[in-house]
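Here are my notes for you to read beside the model. Please keep the 3D view open and find each residue as it comes up.

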Amino acid sequence: MGVSRSSPEKGVSVVTVDFPPVNALPVHGWFDLADAVRACGRDTDVRCVVLAAEGRGFNAGVDIKEIQTRGQQALIGANHGCAEAFAAVYECAVPVVAAVQGFCLGGGIGLVGSADAIVASEDASFGLPELDRGALGAATHLARLVPQHLMRALYYTGRTASAEELHRHGSVWRMVPRAGVRAAAVELAREIAAKDGRLLRMAKAAINGIDPVDVRRSYRFEQGFTFEANLSGLADRVRDTFGKEGA
């Protein structure tokens, strides 16, 4: 259980997340993930990283129970941990391919929205149930996956989009049966890793440099509203009623 690294073939490194039962990461899990991805980027033998997960789903966001138990200390830790994990994927010196199976929710959107490419299982679903959890954030990353008005509708309703929908919008590179997700992601990573390593790192820096949105700053701006909702007591009330006013 936790975050691990493996090297299935030359030039490719796989970072695997495993926090049963649903991959809702505790505070240390986000920082461990950030450290693992950054370590891959520092390794000059690595030319592409695959971000994968064990279990029923790719990621269910933060561990809400930890926040409810430890309060503001855990909230601050989770917010900083998410910011670091998302930035580590986005800023990784080499391309990152996300291998997504099942649900990809909350912080999972931050991870895949920061990645360079996404391979998804045919049953994968993507969404931000943040408003039902008394939180805000990762609209920055959802906006990298779907058009603006769809992003807003998904964000306000908490609904999910299927892998097929994201494939139609061009944000999912390939859809495959669940059992073949990791292999398909490694296949894409292998193709990328066949390029010159130094030039790949230049390409990643160049592409990030022309990004119209400062992803790290934009996400941190969103997080300020999560702090406001918690400090005012609004977040606790929303979590207690599952996001339904008057429930």
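The points below go from the whole chain to single residues.

1. Before we start: this is a predicted model, in which local features need pLDDT of at least 70 and side-chain atom pairs count only at pLDDT 80 or more, while totals for chains, interfaces and linings use all residues. Residues are numbered from 1 along each chain as its sequence is written, and side-chain values use heavy atoms, leaving out hydrogens and water.

2. Begin with the overall fold. The protein chain has 11 helices and nine strands; helices (H or I, at least four residues) and strands (E, at least two) are DSSP runs, numbered from the N terminus. The radius of gyration is 17 Å, close to the 18 Å that the globule rule gives for 247 residues, so the chain is as compact as a globular protein of that length. That radius is taken over C-alpha atoms, and the rule is 2.2 Å times the number of residues to the power 0.38. Along the principal axes, the C-alpha atoms fill a box of roughly 55 × 35 × 35 Å.

3. Of the 247 residues, 51% count as buried (buried means under 20% relative accessible area, exposed over 50%, partly exposed in between, with a 1.4 Å probe and protein chains only). Among contacts with a separation of 6 or more, 73% join residues 24 or more positions apart; a contact means heavy atoms within 4.5 Å.

4. Now look at Pro20. Where does Pro20 sit? Its place is the loop between strand 2 (12-18) and helix 1 (27-42). Pro20 is exposed, with a relative accessible area of 52%. Gly55 is 35 residues away from Pro20 along the chain, yet their C-alpha atoms are separated by 7.0 Å.

5. Finally, the aromatic rings. How many aromatic pairs does the structure hold? There are three, where rings of Phe, Tyr and Trp (its six-membered ring) pair if their centres lie within 6.5 Å; planes under 30 degrees apart count as stacked, over 60 as edge-to-face and the rest as tilted. The ring centres of Phe221 and Phe225 are 5.4 Å apart and the planes are at 75°, so this pair is edge-to-face. Both belong to helix 10 (residues 215-231), and because they are four residues apart there, about one helical turn separates them. Phe221 is exposed at 59% relative accessible area, whereas Phe225 is partly exposed at 38%. Elsewhere, Trp30, Phe86 and Tyr219 form one aromatic cluster.
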